[in-house]
Amino acid sequence: MPSTELKILLVEDDELFRLGLQIRLQQEAGLKIVAEAEDGETAIELVNHHAVDIVLLDVGLPGIGGIEACRQIKQRFPNLPILVLTSHSQKSLIARLIEAGAQGYCLKGIAAEKLVLALRSVAAGASWWDENATAYIRSTFASQPIQLDSKLSTVANPLTHREQEILSLLANRKTNQEIAEALYITPGTVRVHVHAILHKLGVSDRHAAVMMAIQKQLIKSDS
């Protein structure tokens, strides 16, 4: 039978904190830390040599830093989930993490049980953003687009008009059935469009697609 063990790459430069995480997480059945890194460069090297299921990544790392490490890991392994665990909570950081491809974000101090749930959720293909990050994303969508640098703001929209319509409805928490009724199409057709959206944006779930669309201004903020 295939192993159901979740293999984790732990990237954290604080040795005592990393040791505490290692001890706590490996108390959980089905979780195993198979490699550890203290900086971004080492993390990138380790994902090339270890079969890991998820990366648990701090952003305040020496060297290239956690955000750049996240970006480079996702470039090489776009399907490898990354959950960020950090003490930083700036709004600009959340936008940068979305752009870099992270699937989730937790603040240090999170309850161990919740961190385990976040790891399992992200590894299963979902996204996990804490309450503050989620509130920021929603308020940004409701008010005005995030200010982007010139490189991002000029990226062509890869989505068709219909895909933009569906993504806007997803942002308003509509189900497949509700979207189908609103657009006079079948739920099956909605599923096909959603799959195409996720593929084009390189994300694994609807929530992540909405967040990336906000970050890259692919849908209107007043949708």
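**A walk through the predicted fold**

Asn-176 is found in helix H9, residues 176-183. This is a predicted model, in which local features need pLDDT of at least 70, side-chain atom pairs count only at pLDDT 80 or more, and totals for chains, interfaces and linings use all residues. Residues are numbered from 1 along each chain as its sequence is written, and side-chain values use heavy atoms, with hydrogens and water left out.

Asn-176 counts as buried, at 14% relative accessibility. Buried means under 20% relative accessible area, exposed over 50%, and partly exposed in between, with a 1.4 Å probe and protein chains only. Setting aside neighbours within four places in sequence, Asn-176 is in contact with Val-190, Arg-191, Val-194 and Arg-206. Contact here means heavy atoms within 4.5 Å.

Arg-173 lies in the loop between helix H8 (161-171) and H9. Tyr-184 sits in the loop between H9 and helix H10 (187-201). What is the phi of each? Arg-173 has a positive phi of about 65°, and Tyr-184 has a positive phi of about 60°. Most residues other than glycine have a negative phi. Arg-173 is exposed, with a relative accessible area of 58%. Tyr-184 is exposed too, at 78%.

Now the whole protein. It has 11 helices and 6 strands. Helices (H or I, at least four residues) and strands (E, at least two) are DSSP runs, numbered from the N terminus. Of the 223 residues, 47% count as buried. Among contacts between residues at least 6 apart in sequence, 66% join residues at least 24 apart.

Next comes a helix pair. Two packed helices are described by the angle between their axes and the distance between the axes. Helix H3 (residues 66-76) and helix H4 (residues 91-100) pack at an angle of about 20°, with their axes 9 Å apart. That makes H3 roughly parallel to H4, a label for angles under 35 degrees, with over 145 roughly antiparallel, 65 to 115 roughly perpendicular and the rest oblique. Axes are lines fitted to C-alpha atoms, for helices over the stretch in contact, and angles run from 0 to 180 degrees between N-to-C directions. The crossing of H3 and H4 is right-handed.

Which residues make the contact? H3 supplies Ile-67, Cys-70, Arg-71 and Lys-74, and H4 supplies Leu-93, Arg-96, Leu-97, Glu-99 and Ala-100. By class, this contact has 5 nonpolar, no polar and 4 charged residues. Buried residues of H4 include Leu-93, Leu-97 and Ala-100. Ile-94, Ala-95 and Ile-98 of H4 are buried as well. Just after H4, Gly-101 takes a positive phi of about 105°.

Cys-70 is buried, with a relative accessible area of 0%. Cys-106 is buried at 1%. How many disulfides are there? The count comes to 0, where a disulfide is a pair of cysteine sulfur atoms within 2.5 Å.

Two last sites remain. Arg-18 is in helix H1 (residues 15-25). Is Arg-18 buried or exposed? At 8% relative accessibility, Arg-18 counts as buried. Beyond neighbours within four places in sequence, Arg-18 is in contact with Leu-10, Glu-12, Asp-13, Glu-36, Ala-37 and Glu-38. Arg-18 and Glu-38 are 20 residues apart in sequence and 9.0 Å apart in space, C-alpha to C-alpha.

Ala-124 lies in the loop between helix H5 (112-123) and strand S6 (128-129). Ala-124 counts as exposed, at 68% relative accessibility. Its C-alpha atom is separated by 9.9 Å from that of Leu-6, 118 residues away along the chain.

Key
A crossing is left-handed if the near helix is turned anticlockwise from the far one by less than a right angle, and right-handed if clockwise. Ala, Val, Leu, Ile, Met, Phe, Trp, Tyr, Cys and Pro count as nonpolar, Asp, Glu, Lys and Arg as charged, and the others, Gly among them, as polar.
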